[in-house]
Amino acid sequence: MAPTVANCAFCAIIRGETPAVRVLETGSLLAFLDHRPLFLGHTLLVPKDHMRLLSDLPAELAGEFLMTAQRLERGVEDGLGAAGSMILVNNVVSQSVPHLHLHVIPRNFKDGLRFWLGPRQRYDAEHPAEQYAEKIRAALPPVP
């Protein structure tokens, strides 16, 4: 992993070259408010070392990343009085900045956000679920 990359927007925030409202910082991670939030308080969590995908996250950082995401979830929900939150990570598709980032988005009932309502697909005789599960199992990398 490269510490930071010159043309990455999040690396510029990590280096302090681009301003951002920081929420939490550790030696390895930075959380800051999204500058174009879906809802006010929408927070991003990024590793300080540049990496693009969740699968690029080293095992030794995975626990801290997930525990920090849990802390942010509680902070966003409790601090903002939100009924819940949406936690998501995009890998390549819909990833506007090619640097691993986890979204913690405050949610409330009837907040107007409609997400992942379709199109949905069904497994059937032509596309059996077990066939898809086997393809995924066969492609799983070994446990580190």
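1. Lys48 first: in this predicted model it counts as buried, at 18% relative accessibility, because the cut-off for buried is under 20%. Lys48 also has a salt-bridge partner, Glu25, with the closest N and O atoms 2.7 Å apart. That pair ties together distant parts of the chain, 23 residues apart: Glu25 sits in strand β1 (residues 22–25), and Lys48 in the loop between β3 (43–47) and α2.

2. Glu25 has a second salt bridge, to Arg22, where the closest N and O atoms are 3.0 Å apart. Glu25 is partly exposed at 44% relative accessible area, and Arg22 is partly exposed too, at 35%.

3. Have a look at Arg137 with Glu130, whose closest N and O atoms are 2.2 Å apart; Arg137 is partly exposed, with a relative accessible area of 42%. Then there's a network: Glu73, Arg74, Glu77 and Asp78 are joined by salt bridges that share partners.

4. Thr68 belongs to helix α2 (residues 59–80) and is buried, with a relative accessible area of 5%. Leaving aside residues up to four places away in sequence, Thr68 touches Leu24, Leu29 and Leu45.

5. Now the largest pocket, at about 570 Å³. It is lined by 27 residues, and Asp34, Arg36, Ser96, His101 and His103 are the closest to its centre. By type, the lining splits into 17 nonpolar, eight polar and two charged residues. α1 (9–15), β2 (29–33), β4 (84–89) and β5 (102–107) each put in at least two residues, with α1 giving the most, three.

How values were computed
Residues are numbered from 1 along each chain as its sequence is written. This is a predicted model: local features need pLDDT of at least 70, side-chain atom pairs count only at pLDDT 80 or more; totals for chains, interfaces and linings use all residues. Side-chain values use heavy atoms; hydrogens and water are left out. On a 1 Å grid over the protein atoms alone, a cavity is a set of points where a 1.4 Å probe fits but cannot get out, and a pocket is an open set with protein on both sides within 12 Å along at least five of seven lines; lining residues have an atom within 4 Å of a point. Grid points are joined across faces, edges and corners, and a volume is the space filled by probe spheres set on the points. Helices (H or I, at least four residues) and strands (E, at least two) are DSSP runs, numbered from the N terminus. Ala, Val, Leu, Ile, Met, Phe, Trp, Tyr, Cys and Pro count as nonpolar, Asp, Glu, Lys and Arg as charged, and the others, Gly among them, as polar. Buried means under 20% relative accessible area, exposed over 50%, partly exposed in between (1.4 Å probe, protein chains only). Contact means heavy atoms within 4.5 Å. A salt bridge is a side-chain nitrogen of Lys or Arg within 4 Å of a carboxyl oxygen of Asp or Glu.
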